[in-house]
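Please examine the sequence and the structure shown below before reading on. A short report on them then follows.

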Amino acid sequence: MIESPIAREREQGLALSPRPAGAPNELRALAALTWYPFLAMMRNIATFAFGFLFPVVFISVFGLIGGGGGGPRLGIPSGSDRGPAYEALERYPAITLIPGDRVELERQLRLGKLDGVVSVSGGRISLEVNSASPASQASRLFVQSVLDRLNLAATGVTSPSYQLDVSEVAGRTDRYIDFALPGQIGFAVLSTAIFGTVFGLLFLKQALILKRLLATPVHGITILLGQALARLIVSVLQTAVILALGVFAFGFQLANGLVTFAGMVGMSALGLIVFLGFGLLIAGQATDENGAAPLTNLITLPQFLLSGVFFPTDVFPAWVRVVADVLPLTFFNTAMRQVATEGAGFGEIALPVLGMCVWGLLAYAIAARTFKWVPIS
Amino acid sequence: MWGLATVESCRSISGEPAVSDPLIRVESLRKHFGSVVAVDGISFEVQQGEMFGILGPNGAGKTTTLEIMETLQKPTSGTVTIDGVDVLHDPWAVKSRIGVQLQSSGFYPELSLVQLLEMFAAIYNVHVNPMVVLARFQLEEKASTFYNRLSGGQKQRFSLATTLIHRPQVIFLDEPTTGLDPQARLNLWDLLREVRNEGVTLVVTTHYMEEAEQLCDRIAIMDRGQIIKSGTPRALIEDLLATGFRKPVIRQEATMEDVFLSLTGRALRDD
């Protein structure tokens with residue numbers, strides 16, 4: 001036989017002679033159809049933007065909103081006497097002094113941007129407050145407290161006869177980040193489950209990837225299960241990233257530490273499985289992005305606005321709440337907040353979890369009936 | 001377990017079925033999409049080890065015919081058997097006997113060639129060395145390149161590689177050379193001949209008559225869902241000449257393709 005590359009390969013057993021393939025191993029196929037699509041997803045810009053970048057940016061913004069001290073911001077006109085009174089005000093930890101021109105400071109006070117304008121003239125401290133602002137009214141207490149200290153010091157009293165002992169219960173301050181972070185997890189999970197699945201699956205249809213896979217001895221359900229598992233990994237990673245950022249950068253409080261962390265990750269996994277039903281429902285019917293976009297937005301946008309992602313649902317009038325309270329993302333956010341801030345166990349969130357599951361079953365039932373594997377050409 | 005394995009290996013060792021026994025048998029195949037008739041009652045056979053070409057203008061029903069054989073579409077009526085297995089009855093047995101190259105793409109753009117090969121190997125439950133497969137198709141330098149960064153010729157070579165990963169008996173190629181430059185096309189022809197010479201049966205659709213003439217052992221010409229003529233390229237030409245057809249003879253000892261290839265060489269350019 002003539003020595004050719006093919007003959008050599010045949011000797012090495014590499015030639016492509018017909019030979020029955022090994023029986024398909026559905027588990028090995030599932031592992032591959034989870035891992036490789038997961039890799040592809042992580043390299044995809046849309047997954048990164050919706051799943052990681054947006055929530056991280058939102059969290060950072062919300063974290064900074066809640067970051068300012070709780071005390072009053074007082075304007076102090078340039079030209080105030082820099083005596084002991086001034087120093088005492090400056091040293092008082094809760095008060096933030098903002099020097100500036102008197103006219104400008106008073107304008108800002110009227111606009112509610114300052115809590116007061118304080119001026120020092122010798123032993124006299126005068127405070128202007130904004131009658132419309134409770135925070136401004138409260139600022140007089142802080143200034144009064146500074147004044148009391150000065151008076152006591154002036155009269156030589158080092159240990160006052162009457163003292164107020166304030167003790168604090170070991171509780172938590174409910175800051176905006178504590179409200180916003182679970183909402184952002186909801187946003188990320190819903191985005192990954194619906195936007196990711198709809199546009200991801202449509203891409204697989206249009207790029208003929210789904211068709212190419214369906215020509216192999218793998219069951220369609222295995223392909224979908226792999227997609228679902230890959231998105232599950234993505235959403236668990238999202239939750240972990242958002243939580244890590246919240247805890248380490250913005251002091252987000254986990255009610256019971258690691259137990260709460262695990263609970264929140266578990267909740268987001270459950271959320272992903274439920275919301276995935278909606279993603280499959282939309283992706284199974286649409287043949288292109290134009291067909292999918294209206295339904296996708298119809299399902300996601302009202303939930304982003306009404307389900308307590310950015311602000312609590314109790315700001316809505318009763319008739320809106322009737323709708324808002326039964327949306328799947330509302331159930332998710334409610335359960336997630338209870339786990340996050342109250343350390344709720346499964347028994348306490350059973351009702352919203354049940355609500356989610358009902359929605360999920362509904363979505364999967366419809367998706368199973370209407371799913372189309374390939375675009376009708 | 002052992003008994004089954006022995007039966008399997010016996011079947012493959014005993015080798016090819018009798019020459020007269022076709023590998024693929026298509027009978028009275030019909031496919032309607034609503035009122036549109038895409039495939040209108042065609043019958044043909046493909047022999048073990050041959051390269052069979054399906055020619056025809058756009059919309060003739062080539063791709064639909066191919067997709068029915070590939071288990072991707074169900075016929076309205078008629079039967080297809082591959083290696084004695086009815087495609088409608090046991091699509092799963094058929095799927096592991098065939099390899100499929102679609103008209104375009106079909107791969108995750110964000111995965112490297114090695115990753116894609118590993119994914120397909122797992123799906124077919126075979127073990128391959130991705131580098132050996134890539135080397136065979138002159139793609140070893142592209143091992144860690146993403147699929148979407150390949151040139152047209154490289155994509156088609158890679159696609160061919162994935163169709164062969166599980167050593168199928170037959171591969172289906174839908175317009176494999178459409179859009180390729182002459183060098184890439186010639187290169188793919190060489191690869192297809194190599195694959196055929198190893199005993200793999202090929203079913204190819206194409207728009208290029210030259211390709212069909214050069215590559216295919218037998219050809220079926222389709223139009224409006226029907227096979228209007230079939231046979232070896234030589235026989236088809238003889239038949240036409242027998243009708244009295246004569247091409248106006250222009251004495252031309254070279255074609256523009258010869259000019260192009262002599263100027264630019266036959267070496268592949270897509271790296």
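## The model

This is a predicted model, in which local features need pLDDT of at least 70, side-chain atom pairs count only at pLDDT 80 or more, and totals for chains, interfaces and linings use all residues. Residues are numbered from 1 along each chain as its sequence is written, while chains are lettered from A and ligands numbered from 1 in the order in which they are written.

## Chain A

Chain A contains 14 helices and four strands. These are DSSP runs numbered from the N terminus: helices are H or I of at least four residues, and strands are E of at least two.

Of its 377 residues, 38% count as buried. A residue is buried if 20 or more other C-beta atoms, placed from the backbone, lie within 10 Å of its own.

## Nonpolar cores

A nonpolar core is a set of buried Ala, Val, Leu, Ile, Met, Phe, Trp, Tyr and Cys residues joined through C-beta atoms within 7 Å. The largest has 137 residues, and among those touching the most other members are Val198(A), Phe275(A) and Leu116(B). Helix H7 of chain A (residues 176-206) gives the most to this core, with 16 residues. A second, separate core of 15 residues includes Leu74(A) and Val118(A).

## Contact between the chains

Two residues are in contact if their C-beta atoms, placed from the backbone, lie within 7 Å. In this sense, 32 residues of chain A are in contact with 35 residues of chain B. H2(A) gives the most to the side of chain A that touches chain B, with seven residues.

Conventions
Buried ≥ 20, exposed ≤ 12 C-beta atoms within 10 Å, placed from the backbone.
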